[in-house]
Amino acid sequence: MRLLIDLSTFTKSHNGGKDQVAYNLLRGFSKLELTSNIICVAKEEMVGKIKKIDKDYCVIPINRMCLGTRIGPIISTIPDIVYAAKLNDVIKKHHIDAVLYTNKFVPPVKLSAPTIVIPHDIQPLTIRKEDNSLYSKCAAIMTKKTLAVCDYIIAISDFDRNDMISKIPEYTDKFIKIYNPIYFNNNYENLDKKYITAINIQWEHKNVQTIINAYAQVATKTDLSLMLVGKLPNNTDELKAIVRENNLEDKVIFTGFIPDEQMATIVSKTRIYINASYFEGFGMTSVEMMGSGIPTIVADNTAQKEVTMGLCRYYEPTDDKLKLAEQILEEIQKPKTENELNIIAKTIREQYSYEVIANKYWKFIEECI
């Protein structure tokens, strides 16, 4: 089998979990010695990054013009049709049997080989239902186009699959659930635990305000600082105002985007990890932290309890600062034992091993063709 993997929208700037899923799949396929069966299509700037995963990957540079949802589905259709023609040329020249799109930015054109897409979730059809902005309307249109044009759709959890079926039942036969592959870092040092940490704070649905408000309830009862990691969100001024109102300027840290090396240090110093997101089709960071032996608290909604396998601490409702504060304080005062955390980490790592998940992908794609 010859598989084409579309990475055309990826840039050197990390753009969340969907990037990591693709890189972890490439790591898994490499581990399974499948690199000679795979062609990657990506921007010129990404060739080195992909080759760093495995130098034997064949990467065809195509600088696709990505206008995204901010421009709109009508305008973006024109360069996407041109891009689809280039993909069909690659399919013909390299005898491709199937194409895997690694996110929902898919050309609205049927290709000459079966196509599989990982949309990751359908937030534009779910949490933005009442949002009438141009961005959200365009995002919803493009999401529907993606699901319509592809032959098979990967759901990243049971929740994600059921959510898609409830919104677009006519595509039920296209859906298959395969959990996300996780690359667990084994190089974290055992440093002094100094932080309560939240990662990927840039999106509004990550609910950072509830995390800050909950931390304000317990700040006088702990020496742990609150570490907020990732690109700064649009409502940063509002979040910093909450910090000032609670006199927490010396205890709440906004890092902005940071490189992997710095991230490893922060994770090594993390005592408690929190994911208070309103919506997760999967929730990779929580799984990564649990697999690293870090006590984790998540909002009990969408896919979060399913994916964390009921093995961490939960609170609800999602925006209840007092319920979240209760769980933080309970973990501080009655922490899970090292043995409990090791058992959780082992279970999580076995479930989401990037090699195991990559093998599931490969077998499914073989079935598709």
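## Briefing on a predicted single-chain model

Buried residues (under 20% relative accessible area, with exposed meaning over 50% and partly exposed in between, for a 1.4 Å probe and protein chains only) make up 54% of the 369 residues in the chain. This is a predicted model, where local features need pLDDT of at least 70, side-chain atom pairs count only at pLDDT 80 or more, and totals for chains, interfaces and linings use all residues. Residues are numbered from 1 along each chain as its sequence is written, and side-chain values use heavy atoms, with hydrogens and water left out.

**Overall build**

- The chain has 14 helices and 13 strands; helices (H or I, at least four residues) and strands (E, at least two) are DSSP runs, numbered from the N terminus.
- For 369 residues, a compact globule would have a radius of gyration near 21 Å, and the chain agrees with its 21 Å. The radius is taken over C-alpha atoms, and the globule rule is 2.2 Å times the number of residues to the power 0.38.
- Along the principal axes, the C-alpha atoms fill a box of roughly 65 × 45 × 35 Å.
- Of the contacts (heavy atoms within 4.5 Å) with a separation of 6 or more, 69% are between residues 24 or more positions apart.
- The accessible surface comes to about 16,800 Å², and carbon and sulfur atoms hold 49% of that. These areas come from the Shrake-Rupley method with a 1.4 Å probe, and for residues only the protein chains shown count as cover.

**Cysteines**

- Zero disulfides (pairs of cysteine sulfur atoms within 2.5 Å) turn up in a search of the whole structure.
- Cys40 is in no disulfide, and the nearest cysteine sulfur, that of Cys58, is 8.0 Å away. Seen from Cys58, the closest cysteine sulfur is that of Cys40, and 8.0 Å is too far for a bond.

**Two helices worth a look**

- Helix α6 (residues 158-167) has Asp160, Asp163 and Met164 as its buried residues. They sit on the same side of α6, because the arc they cover around the axis is only 95°; the arc is that of the directions from the helix axis to the C-beta atoms.
- As background, an α-helix has 3.6 residues a turn, so residues three or four places apart point the same way.
- In α12, the 13 residues should span 18 Å at 1.5 Å a residue, and the end C-alpha atoms agree at 18 Å apart. The expected span is 1.5 Å times one less than the number of residues in the helix.
- Leu324, Ala325, Gln327, Ile328, Leu329 and Glu331 are buried in α12. Their cover includes β8, α7, β11 (270-275), β12 and β13.

**Residues and their neighbours**

- Ile176 is found in strand β7 (residues 175-177) and is partly exposed, with a relative accessible area of 29%. Leaving aside neighbours within four places in sequence, Ile176 is in contact with Ile153, Ile154, Ala155 and Phe364.
- Met164 and Ile176 are twelve residues apart in sequence, and their C-alpha atoms are 11 Å apart in space.
- His94 belongs to the loop between α4 (73-93) and β4 (98-101) and is buried, at a relative accessible area of 19%. Not counting residues up to four places away in sequence, His94 touches Arg2, Ile39 and Ile60.
- Asn234 is in the loop between β9 (225-229) and α8 (236-245) and is exposed, with a relative accessible area of 85%. From Asn234 to Val252 there are 18 residues in sequence and 18 Å in space, C-alpha to C-alpha.

**Backbone geometry to check in your viewer**

- Most residues other than glycine have a negative phi, and most peptide bonds are trans.
- The peptide bond from Glu316 to Pro317 is cis, with omega near -5°. Pro317 lies in the loop between β13 (313-315) and α12 (321-333).
- Asn200 is not a glycine, yet has a positive phi of about 60°. The loop between β8 (195-199) and α7 (208-218) is where Asn200 is placed.
- Thr302, also a residue other than glycine, has a positive phi near 40°. The residue is found in the loop between β12 (296-299) and α11 (304-307), and Thr302 counts as partly exposed at 28% relative accessibility.
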